[in-house]
Amino acid sequence: MGGLSMMKRSERAIAGLISLGLVLGLSACGRAPEEAEEFVSRQAFEYHFYPEEYEEEYSSVGRTLPLEGETDYQFRIEAECASGTMEIRVTCGTEEQIYAVSPSEPCRATVSVESGAAEEAQFDIEIQPDTEGGVRVEVLTCP
């Protein structure tokens with residue numbers, strides 16, 4: 001009887017190891033390529049808009065960031081409006097992405113740029129007179 005009990009424990013241990021291996025294997029397969037690399041936050045910038053401070057000449061703001069040729073980049077964009085709307089345009093080389101932000105549609109996006117794909121990243125933000133909200137862009141790099 002002692003041999004049978006020991007055999008059951010061995011089977012349980014083997015089954016446990018197989019289960020652990022499957023869990024670890026599946027979690028690694030589900031990871032996106034961007035997440036597999038370690039991106040590090042390098043800088044961030046943000047803008048805040050208030051209707052009472054609106055001036056036509058400042059209804060559009062822009063920021064240009066030079067990109068190093070042998071570095072992968074990610075730009076994490078977070079924007080929301082309490083009122084009004086804004087449009088965020090991100091241009092990297094020939095690639096352009098536009099995000100519309102309103103009180104019912106905040107923006108949570110990540111833009112990835114592979115090394116050598118662009119020399120600079122351009123961020124343009126346009127607001128309406130009644131816009132109250134903010135934009136934050138975090139710049140991450142991976143050597």
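The chat below goes through the confidence, core, salt bridges and ring pairs of this predicted model.

Me: What should I know before reading numbers off this predicted model?
Reply: Local features need a pLDDT of at least 70, side-chain atom pairs count only at pLDDT 80 or more, and totals for chains, interfaces and linings use all residues. Residues are numbered from 1 along each chain as its sequence is written, and side-chain values use heavy atoms, with hydrogens and water left out.

Me: What does the protein chain average in pLDDT?
Reply: The average is 83, and 73% of the residues score at least 70. pLDDT is the predictor's confidence in each residue, from 0 to 100.

Me: Where is confidence lowest, and where is it highest?
Reply: Helix H1 (residues 2-29) is lowest, at a mean of 46, and S7 is highest, at 98. Helices (H or I, at least four residues) and strands (E, at least two) are DSSP runs, numbered from the N terminus. Over residues 15-35 the pLDDT is below 50, and this stretch has four contacts in the model beyond near neighbours in sequence. A contact is heavy atoms within 4.5 Å.

Me: On to the core. How many residues are in the largest nonpolar core?
Reply: There are 28, and Phe-75, Met-86 and Ile-88 have the most contacts inside it. A nonpolar core is a set of buried Ala, Val, Leu, Ile, Met, Phe, Trp, Tyr and Cys residues joined through side-chain atoms within 4.5 Å. Buried means under 20% relative accessible area, exposed over 50%, and partly exposed in between (1.4 Å probe, protein chains only).

Me: Which elements give two or more residues to this core?
Reply: They are strands S1 (40-49), S2 (60-66), S3 (72-83), S4 (86-92), S5 (95-101), S6 (107-113), S7 (120-127) and S8 (132-142). S3 gives the most, with five residues.

Me: What is Ile-88 in contact with, leaving aside neighbours within four places in sequence?
Reply: Ile-88 touches Ile-77, Ala-79, Gln-97, Ile-98, Tyr-99, Val-101, Asp-124, Ile-125 and Val-135.

Me: How many disulfides?
Reply: The count is zero, with a disulfide taken as a pair of cysteine sulfur atoms within 2.5 Å.

Me: Is Cys-92 buried or exposed, then?
Reply: Cys-92 is buried, at a relative accessible area of 7%. Cys-142 is buried as well, at 8%.

Me: Where is Ser-102?
Reply: Ser-102 sits in the loop between S5 and S6. Its relative accessible area is 15%, so Ser-102 counts as buried. Leaving aside neighbours within four places in sequence, its contacts are Cys-81, Gly-84 and Thr-85.

Me: Charges next. How many salt bridges does the structure hold?
Reply: Four, a salt bridge being a side-chain nitrogen of Lys or Arg within 4 Å of a carboxyl oxygen of Asp or Glu.

Me: Which residue meets Glu-46 in a salt bridge?
Reply: Arg-136 does, at 3.6 Å from N to O. Glu-46 is in strand S1 and Arg-136 in strand S8, 90 residues apart, and the pair links distant parts of the chain. Glu-46 is partly exposed at 42% relative accessibility, and Arg-136 is partly exposed at 34%.

Me: And what does Arg-108 pair with?
Reply: Arg-108 forms a salt bridge with Glu-80, with the closest N and O atoms 3.3 Å apart. That pair also links distant parts of the chain, Arg-108 in strand S6 and Glu-80 in strand S3, 28 residues apart. Arg-108 is exposed at 53%, whereas Glu-80 is partly exposed at 46%.

Me: Which residues are linked in a network of salt bridges?
Reply: Glu-87, Arg-89 and Glu-96 are. Between Arg-89 and Glu-87 the closest N and O atoms are 3.0 Å apart. Arg-89 is partly exposed at 26%, and so is Glu-87 at 30%.

Me: Last topic, rings. How many aromatic pairs are there?
Reply: The search of the whole structure finds five. Rings of Phe, Tyr and Trp (its six-membered ring) pair if their centres lie within 6.5 Å; planes under 30 degrees apart count as stacked, over 60 as edge-to-face and the rest as tilted.

Me: Why is the pair of Phe-45 and Phe-123 called edge-to-face?
Reply: Their planes are at 70°, with the ring centres 5.5 Å apart. Phe-45 lies in strand S1 and Phe-123 in strand S7, so the pair ties together parts that are 78 residues apart in sequence. Both residues are buried.

Me: Which residues do the ring pairs link into a cluster?
Reply: Phe-45, Tyr-47, Phe-49, Tyr-73, Phe-75 and Phe-123.
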